[in-house]
Amino acid sequence: QMWEEAIALGKELAEQYENEMFDYEQLSELLRKQAQFYENIVKVIRPKPDYFAVGYYGQGFPTFIRNKVFIYRGKEYERREDFEARLLTQFPNAEKMKTTSPPGDDIKNSSGQYIQCFTVKPKLDLPSKFHRPVSEQIVSFYRVNEVQRFEYSRPVRKGEKNPDNEFANMWIERTIYVTAYKLPGILRWFEVKSVFMVEISPLENAIETMQLTNDKINNMVQQHLNDPNLPINPLSMLLNGIVDPAVMGGFTNYEKAFFTEKYMHEHPEDHDKIEKLKDLIAWQIPFLAEGIRIHGEKVTEALRPFHERMEACFRQLKDKVEKQYGARAVLSSLDDRRGSRPRSMVRSFTMPSSSRPLSVASVSSISSDSTPSRPGSDGFVLEPLLPKKMHSRSQDKLDKDDLDKDKKEKKKEKRNSKHQEIFDKEFKSTDISLQQSEAVILSETISPLRPQRPKSQVINVISSERRFSVSPSPPSSQVTPPPPITPRAKLSFSMQSSKSFN
């Protein structure tokens, strides 16, 4: 499912097919595959694998892994316990370490085997082409692929313990691992080449947590906007955990820990960071509003009381935040941060086939009752559909014509299709002004008593005279109406006034 990599390789192959081999058949097949890959990137939700740091300590291991740390890419939906069990089957005599801190020299120099395993988070490193915000569905691939930096965070308490607020002295000790190559690669694991550690203050930890929460809300809102068929349960749990103070406590703990006169007096250097945290708290409101709006549209009747309680808690939260930290624009914030396609395009792209608008070809085939409109057609030819106004206008002109209505009804019955009828009417309406008032009638009756005139002579007669009659009777100067057509005269035909054809 690494379609991004397949697209990159496909572009190299396309260059060869197009400019080196001139194999357009293979090129067309390749481009069709690439189109499917792009569609999969936008529409298919891919599971995110976990990454594990594994350290092999002790002299009992082979030299190529002894006292080294490796980053492993787990399988889809593989938990750490399952990965450890799979790892220990390869080294049945190894002992599993229960701490995540680096071991001492006594363990490294011992003759036994000690395995240390814990989960690490990949550090997002977007390619340079994403110079502006893009859809989360596109970015999500780079959160767990083509990564080389991994983080492991451990909470560390410093100073006096505050039982009322644990966030005040919660420091984060973050270890960053850099692998030799990007994962995934030829192997599912690579050796760690460099390790360094940083400490994050409680205020910086609060800012980071708040930013991650806002991004999580925005990403889930984006997923529901792109795919209305997603289940509502993850959205319900996320919104309720933030809005309802009885569940998580929200950001009230941050206010008690950092927005006090005592903290500002003791840490004057953190003024800018406090303002940033306040700004993130204010930005959370429009994200929550959009999520609750989507939740209200998709909620079932059984969950309606739950949604109403969540709305009541959100109204109180919104009033409090806007009063203390100001209001933020809803539409501009969502549009600027989303950076994805307009909602109309997304909905039309994900619309099921049963509700898509019919094309011109399907409308014409359905309207003709699935029968061919012309003899020999297969029913899928695009016919020129004229507007109703043009049809009525040509019909009015025909009503004013001096032709006999009975003959006009006969001609209508002989027409093959409705489109031929429209063509005939338009032809008549444009030709009436060009015809003379005198009718020119050409009639030919083939009698068994007289052989048929050669075709070449008929053409000569037509070119020399405009008015003629080919019949056993002598020609007359006055035009006479054609004889009535009997069922036996199967080969006789008449053509009147060249204003219509049969």
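Visitor: How many residues lie between β6 and β7 in their hairpin?

Guide: First, a caveat: this is a predicted model, where local features need pLDDT of at least 70, side-chain atom pairs count only at pLDDT 80 or more, and totals for chains, interfaces and linings use all residues. Residues are numbered from 1 along each chain as its sequence is written, and side-chain values use heavy atoms, leaving out hydrogens and water. Strands are DSSP E runs of at least two residues and helices H or I runs of at least four, numbered from the N terminus; two strands pair if DSSP finds at least two bridges between them. β6 and β7 (residues 189-200) pair antiparallel over eight bridges, and the hairpin they form has a gap of five residues.

Visitor: And which residue is the bridge partner of S153 in β6?

Guide: β5 (residues 147-157) runs antiparallel to β6, joined by 10 bridges. For S153, the partner in β6 is R174.

Visitor: Why is β6 largely enclosed by the rest of the structure?

Guide: Count buried residues, meaning under 20% relative accessible area with a 1.4 Å probe, protein chains only. β6 spans residues 170-183, and it's largely enclosed because the buried ones number 10 of the 14.

Key
Buried means under 20% relative accessible area, exposed over 50%, partly exposed in between (1.4 Å probe, protein chains only).
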